[in-house]
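Let's work through a protein model together, one question at a time. Have a look at it first.

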Amino acid sequence: MTAEPSPASVPASTGTITTAVPARLDRLPWSRWHWMIVIGLGTVWILDGLEVTIVGNVAGRIAEEGSGLDISSAQITGLAAALYVAGACSGALFFGWLTDRYGRRKLFMATLIVYLVATALTALSFETWWFFLFRFLTGFGIGGEYAAINSAIDELIPSHYRGRVDLIINGSYWLGAIGGALLSIVMLDTDIFPKDLGWRLSFGLGVVLGLVVLLVRRHVPESPRWQFIHGQGEKADALVSSVEREIEEEKGEPLPPPAGEITIHQRKSIGFGLIAKTVFGRYPRRAVLGLSLFIGQAFLYNAITFGFGAILITFFDVPTGSTGYYFAVIAAGNFMGPLLLGKLFDTVGRRIMISGTYLLSGILLFGTAWLFDRGSLTATTMTACWCVVLFFASAGASSAYLTVSEIFPMETRAMAIAFFYALGTAAGGISGPLIFADLTASGVVGDTALAFRIGAGLMCAAGIVAAFLAVNAERRSLEDIATPLSATEPKAEGVRG
């Protein structure tokens with residue numbers, strides 16, 4: 001494991017610096033060091049998937065008499081789900097601003113701790129208001145993770161692998177969903193655990209997994225890209241040099257020379273006004289693209305993730321304790337999408353793959369809605385249809401995070417991720433569960449089919465926007481895709497780093 005130089009040993013200072021750090025990072029071959037980054041940072045999506053799926057699958061049990069809470073299933077899949085997403089939006093904005101200002105590492109440690117504490121307290125819920133409060137705070141921590149983690153991942157992973165790695169990491173959410181679905185089957189078995197204990201232990205196991213992630217994450221360093229812009233050029237150079245030596249020892253051969261340098265004027269902080277002006281003034285087309293992608297996938301995923309168990313129970317009479325089997329199947333389809341299609345985002349290209357996955361999933365969802373409305377589906381065939389739809393939708397949804405994390409300047413990266421995640425998720429992720437819970441609770445097939453069509457329409461609309469506005473970012477350095485705000489013309493007197 002590569003240790004980051006001690007902050008006390010290398011003081012921060014500002015000035016003009018010419019550095020090859022981005023090019024040095026991008027030309028690195030895949031190594032054990034990169035696996036450490038992926039494991040340390042990517043596993044948070046497994047936690048998120050575990051969280052959301054557990055709630056969706058245990059909603060029926062928590063709503064039963066004797067669970068220890070006086071709450072309805074509709075309140076859990078509707079209001080509690082919306083509060084979780086509202087917390088995630090708030091956390092993304094709050095921690096996103098702090099991440100751009102104080103660094104990736106400090107914040108991806110802090111946000112994980114917030115998640116752990118809030119999840120543990122959710123397990124101890126004794127009143128409805130307590131459950132609602134800590135669902136909000138759990139989301140608050142998870143939202144902060146999205147901003148801090150996506151920033152760090154894209155800045156540490158070489159450009160040739162960035163697309164597939166980002167997609168697979170975001171898609172790993174569904175590994176957590178599979179675990180949550182299967183876990184709920186065991187935890188809801190009243191022959192094993194009492195009604196008022198099984199669902200609490202489900203949340204408790206999420207805390208245990210989070211503690212393991214916290215231990216691994218201690219070894220993940222700060223982003224050298226963030227360091228050299230924020231007056232820590234010597235620390236960035238020392239860190240990258242250490243990684244280069246480690247990889248040369250692992251591969252048994254010297255690394256090729258880096259392809260170019262960049263000269264920037266270092267600054268310790270970036271004002272929010274400059275961030276907003278850059279995102280919406282300099283890159284308006286990219287802003288429209290980011291919003292479209294996030295709104296489409298947020299409505300679809302937040303509505304279906306929180307409500308799929310309720311659909312099975314309401315329309316197909318699936319027992320509460322068996323919904324996890326069905327959800328595990330669609331979760332597997334979701335993970336296979338980014339896993340099998342991820343490489344194509346780096347080879348075929350961003351524009352074709354982003355627009356294609358959004359459009360194809362939307363069209364397939366329209367077909368599913370038609371079949372459901374006609375009464376042609378069973379619980380098994382409904383699950384199969386969703387598995388196919390979400391195979392493509394998952395790759396598209398993951399590409400939304402990839403897109404906004406790479407098409408804006410480095411100084412705005414975390415805040416851009418936070419903003420588009422928050423706005424898109426607020427539009428689709430808060431309204432989605434609320435609308436979907438009401439439509440599903442009505443017990444009318446046509447109402448639920450309408451919700452399917454709304455999600456399908458938004459996915460198709462986002463796919464059309466991507467066909468025209470998506471940026472060809474494949475295999476390009478982040479600095480080439482969006483020049484840092486601090487960039488200046490190279491100067492002979494610049495400090496090399």
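A salt bridge here is a side-chain nitrogen of Lys or Arg within 4 Å of a carboxyl oxygen of Asp or Glu. This is a predicted model, where local features need pLDDT of at least 70, side-chain atom pairs count only at pLDDT 80 or more, and totals for chains, interfaces and linings use all residues. Residues are numbered from 1 along each chain as its sequence is written, and side-chain values use heavy atoms, with hydrogens and water left out.

Q: How far apart are the closest N and O atoms of Arg24 and Glu244?
A: Side chains of opposite charge can pair when their charged atoms come close. Arg24 and Glu244 do form a salt bridge. Their closest N and O atoms are apart by 2.9 Å.

Q: How many residues apart in sequence are the parts that Arg24 and Glu244 tie together?
A: Helices are DSSP runs (H or I, at least four residues), numbered from the N terminus. Arg24 sits in helix α1 (residues 21-26), while Glu244 belongs to helix α11 (residues 233-251). So the pair ties together parts whose separation in sequence is 220 residues.

Q: Are Arg225 and Asp26 buried or exposed?
A: These two form another salt bridge, with the closest N and O atoms 3.2 Å apart. Buried means under 20% relative accessible area, exposed over 50%, and partly exposed in between (1.4 Å probe, protein chains only). By that rule, both Arg225 and Asp26 are buried.

Q: Which kind of aromatic pair do Phe280 and Phe420 form?
A: Rings of Phe, Tyr and Trp (its six-membered ring) pair if their centres lie within 6.5 Å; planes under 30 degrees apart are stacked, over 60 edge-to-face, and the rest tilted. The count by this rule is 26 aromatic pairs. For Phe280 and Phe420, the centres are 6.5 Å apart and the planes make 45°, and the pair is tilted.

Q: What is the relative accessible area of Phe420?
A: Phe420 is in helix α17 (residues 413-441), and its partner Phe280 is in helix α12 (residues 272-282). Phe280 is partly exposed, at 39%. Phe420, though, is buried, with a relative accessible area of 0%.

Q: Which residues touch the most other members of the largest nonpolar core?
A: A nonpolar core is a set of buried Ala, Val, Leu, Ile, Met, Phe, Trp, Tyr and Cys residues joined through side-chain atoms within 4.5 Å. The largest one has 125 residues, and its largest share, 15 residues, comes from helix α16 (residues 379-406). The members touching the most others are Phe316 and Trp386.

Notes. Helices (H or I, at least four residues) and strands (E, at least two) are DSSP runs, numbered from the N terminus.
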